[in-house]
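Notebook open, structure loaded. I'm jotting down what I look up as I go.

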Amino acid sequence: MAKISIVIPALNEELGIVRTIQAIPVQELENIGHRVQVIVIDNGSNDRTSELARSAGAEVILEPIRGYGKAYKKGFSIAKGDIIVTVDADLTYPIEDIPKLVILLEQEKLDFITTNRFAYMKDGVMSQRNRFGNNVLNLTTRLLFNISLKDTQSGMWIFRKSILDSLLLRSNGMPFSEELKLEICYYNRYCWKEVPIEYRVRVGEIKLRGWRDGLENLFYLVRKRIIR
Ligand SMILES: Nc1nc2c(ncn2[C@@H]2O[C@H](COP(=O)(O)OP(=O)(O)OP(=O)(O)O)[C@@H](O)[C@H]2O)c(=O)[nH]1
Ligand SMILES: [Mg+2]
């Protein structure tokens with residue numbers, strides 16, 4: 001049977017981690033021919049994230065160096081699936097859509113699917129400040145790279161693991177999300193699609209440091225355009 005690895009970065013997510021893992025439609029994925037591996041990457045949570053993730057049946061990997069990108073790189077390095085799926089540990093992404101998205105990847109022979117959180121977004125799900133920041137980052141991506149992604153910062157992806165070998169992923173922090181998309185859609189020109197999803201209110205404490213991460217992501221886009 002083919003395998004899917006669901007990779008979940010989690011930093012102090014004791015409120016969402018168990019429900020995130022339990023929401024994974026393991027049986028449905030097996031019915032369409034994929035055994036499921038669930039990997040949680042924790043780098044230094046000081047709550048019960050690791051312990052709860054393990055008790056919910058996930059493989060928990062501890063990455064000593066902090067960072068969203070660092071966590072993903074570690075997770076990808078131990079993922080055994082031919083297909084990798086990513087979600088946050090905060091109940092924001094529609095985990096129940098994973099089988100549908102995997103079928104889409106296979107049927108349309110895509111290499112990568114990224115998701116658009118803004119498609120059906122209700123008021124109050126994201127702060128006005130974050131919406132503004134996302135708009136700036138999407139516009140900058142369009143101007144610098146001529147890619148019309150509607151959501152350059154989404155963290156829910158479905159892709160073939162085989163593409164990872166050709167990607168130059170340098171960021172260890174929050175810019176990892178945009179860098180991954182640029183490497184796939186711009187530098188390597190893989191076959192990809194952006195799919196609308198529902199995005200929900202986060203449980204637990206926000207990890208994003210608003211202006212600071214926003215500006216870091218913006219400068220990262222400019223730097224990436226100059227030196228890949
Ligand atoms: N392992 C690890 N996970 C992280 C780190 N920073 C963030 N995360 C996780 O990565 C996911 C994305 O971070 P979020 O804080 O949800 O960031 P976001 O989705 O951009 O914004 P909000 O959901 O609005 O907070 C969550 O599951 C976090 O727990 C980190 O340094 N290490
Ligand atoms: Mg989140």
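Below are my entries, from the ground rules to single residues.

**Ground rules.** This is a predicted model, so I note that local features need pLDDT of at least 70 and side-chain atom pairs count only at pLDDT 80 or more, while totals for chains, interfaces and linings use all residues. Residues are numbered from 1 along each chain as its sequence is written, and chains are lettered from A and ligands numbered from 1 in the order in which they are written.

**Sheet.** I went for the strands first. Helices (H or I, at least four residues) and strands (E, at least two) are DSSP runs numbered from the N terminus. Two strands pair if DSSP finds at least two bridges between them. I get an open sheet of 7 strands with mixed pairing, in the order E3-E2-E1-E4-E6-E5-E7. Strand E3 (59-62) and strand E7 (192-196) are the edges, each pairing on one side only. On average, neighbouring strands are turned by 20° against each other, direction ignored. Axes here are lines fitted to C-alpha atoms, for helices over the stretch in contact, and angles run from 0 to 180 degrees between N-to-C directions.

**Pairs.** E1 and E2 run parallel over 8 bridges, with Val7 opposite Ile39 in E2. E2 and E3 are parallel too, joined by 4 bridges, and there I find Asp42 opposite Leu62 in E3. Together with helix H3 (residues 49-55), E2 and E3 make a right-handed β-α-β unit. Right-handed is a viewing convention: with the strands pointing away from me, the path from the first strand over the helix to the second runs clockwise.

**Helix H4.** What does H4 lie across? I see E1 (2-9), E2, E3 and E4 (83-86) under it, and H4 runs at about 160° to E1. In H4, the buried residues (20 or more other C-beta atoms within 10 Å of their own; exposed is 12 or fewer, partly exposed in between; C-beta placed from the backbone) are Tyr68, Ala71, Tyr72, Lys74, Gly75 and Phe76. Their cover includes E1, E2, E3, E4 and helix H7 (176-187), counting a contact when C-beta atoms, placed from the backbone, lie within 7 Å.

**Ligand 1.** I count a residue as near if its C-beta atom, placed from the backbone, lies within 6 Å. Ligand 1 has 20 residues around it, the closest being Pro9, Leu11, Ala71, Asp88 and Lys207. Strand E2 (34-42) and helix H4 (68-78) are the elements that give two or more residues to this shell. By class I get 9 nonpolar, 4 polar and 7 charged. Nonpolar means Ala, Val, Leu, Ile, Met, Phe, Trp, Tyr, Cys and Pro; charged means Asp, Glu, Lys and Arg; the others, Gly among them, are polar.

**Ala2.** Ala2 sits in strand E1. It counts as partly exposed because it has 13 C-beta neighbours inside 10 Å. Beyond its neighbours within four places in sequence, Ala2 contacts Gly33, His34 and Asp82.

**Positive phi.** Most residues other than glycine have a negative phi, and I flagged two exceptions. Leu91 has phi near 65° and is in the loop between E4 and helix H5 (98-107). Arg189 has phi of about 50° and is in the loop between H7 and E7. Buried or exposed, Arg189? Exposed, because it has 9 other C-beta atoms within 10 Å. Leu91 is buried, since 20 C-beta neighbours lie inside 10 Å.

Methods
Contact = placed C-beta atoms within 7 Å.
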